[in-house]
Amino acid sequence: MGLAVCVFCASSSKIDPKYLELATRVGAELADRGHTLVSGGAQVSCMGAVARAARAGGARTVGVIPEGLVSVEISDEENDELIVTPDMRSRKGEMDRRSDAFLILPGGIGTLEELFEVWTARVLAMHEKAVVILDPYGVYDPLRELMTGLMDQGFARAKIFDAIGWTADVNEAFDLLERSQPRIEPTAEDYAEAEI
């Protein structure tokens, strides 16, 4: 049985075409594996590329877009289902509710916000859905270094990396999404900012 895979990715039109090619490969692989796409509901940039490729391969696509971005991001009317939400918070909630797993591609501040929300919830055992970063070009290398530094300084625990998969390969990303996830059992110490 296929998963509903939420893909967080770029909406910028100023990025290198290699990122659009990556999104296209992701959409094609998602369809090949029999999954459903849940995405940001726009036809621009990587969001549009992943949805078009998924549909071309026969996958069902569900787009979720806030009312205020319908004209800015140009909503993708070709989605099998297009949900217009009142705002960004309800958009993320709807995407979360409809998804079995999360795949994060290179993107900007919106993508980072989405990543941190599902990653934090996973660390705190608020869900057991797979969270995977697919980064073949090293865009998130500074983020990985930052998170390692936060761990080294006691602001985060090693469980942050137990809660996420990190890969440069499209096939491996889907393999990670399809695996059953280890249960993370946070302790009272996990909620503290630093070790004493």
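1. Ground rules. The model is predicted: local features need pLDDT of at least 70, side-chain atom pairs count only at pLDDT 80 or more, and totals for chains, interfaces and linings use all residues. Residues are numbered from 1 along each chain as its sequence is written, and side-chain values use heavy atoms, with hydrogens and water left out.

2. Helix 1 against helix 2. Start with helix 1 (residues 17-32). Its axis and that of helix 2 (residues 45-56) come within 7 Å and cross at roughly 30°. Helix 1 is therefore roughly parallel to helix 2. Helices here are DSSP runs of H or I with at least four residues, strands are runs of E with at least two, and both are numbered from the N terminus. Axes are lines fitted to C-alpha atoms, for helices over the stretch in contact, and angles run from 0 to 180 degrees between N-to-C directions. Angles under 35 degrees count as roughly parallel, over 145 as roughly antiparallel, 65 to 115 as roughly perpendicular, and the rest as oblique.

3. Who touches whom in that pair. The crossing of helix 1 and helix 2 is right-handed. That word applies if the near helix is turned clockwise from the far one by less than a right angle; anticlockwise gives left-handed. Helix 1 contributes Tyr 19, Leu 20, Ala 23, Thr 24, Val 26, Gly 27, Ala 28, Leu 30 and Ala 31. Helix 2 contributes Ser 45, Cys 46, Ala 49, Val 50, Ala 53 and Ala 54. Contact means heavy atoms within 4.5 Å. By class, the contact of helix 1 with helix 2 has twelve nonpolar, three polar and no charged residues. Ala, Val, Leu, Ile, Met, Phe, Trp, Tyr, Cys and Pro count as nonpolar, Asp, Glu, Lys and Arg as charged, and the others, Gly among them, as polar.

4. Helix 1 against helix 7. The axes of helix 1 and helix 7 (residues 170-178) come within 10 Å and cross at roughly 45°. The two helices are therefore oblique to each other. Their crossing is right-handed. From helix 1, Leu 22, Arg 25, Val 26, Glu 29 and Leu 30 meet Val 170, Asn 171 and Phe 174 of helix 7. The residues in the contact of helix 1 with helix 7 divide into five nonpolar, one polar and two charged.

5. Asp 32 lies in helix 1. At 64% relative accessibility, Asp 32 counts as exposed. Buried means under 20% relative accessible area, exposed means over 50%, and partly exposed is in between (1.4 Å probe, protein chains only). Asp 32 and Gln 43 are eleven residues apart in sequence and 21 Å apart in space, C-alpha to C-alpha.

6. Two positive phi values to check. Most residues other than glycine have a negative phi. Ser 45 is not a glycine, yet has a positive phi of about 50°. Ser 45 is found in helix 2 and is buried, with a relative accessible area of 13%. Ala 125 sits in the loop between helix 4 (109-123) and strand 6. With a relative accessible area of 25%, Ala 125 is partly exposed.

7. A buried arginine. Arg 91 lies in helix 3 (residues 88-97). At 3% relative accessibility, Arg 91 counts as buried. A polar atom of the Arg 91 side chain lies 2.6 Å from the backbone oxygen of Gly 40.

8. Strand 6. Ala 130 belongs to strand 6 (residues 130-134). Ala 130 counts as buried, at 3% relative accessibility. Beyond its neighbours within four places in sequence, Ala 130 is in contact with Asp 100, Ala 101, Phe 102, Leu 176, Leu 177 and Gln 181.

9. Is Ile 109 buried or exposed? Ile 109 lies in helix 4 and counts as exposed, at 77% relative accessibility. The C-alpha atoms of Ile 109 and Ala 10 are separated by 9.1 Å, though 99 residues apart along the chain. Ile 164 lies in the loop between helix 6 (159-162) and strand 7 (165-167). Ile 164 is buried, with a relative accessible area of 11%. Leaving aside neighbours within four places in sequence, Ile 164 is in contact with Leu 115, Trp 119, Val 131 and Ile 133.

Technical notes: A polar contact is a pair of N or O atoms within 3.5 Å; within protein, one must be able to donate a hydrogen and the other to accept it, and residues adjacent in sequence count only if both atoms are side-chain atoms.
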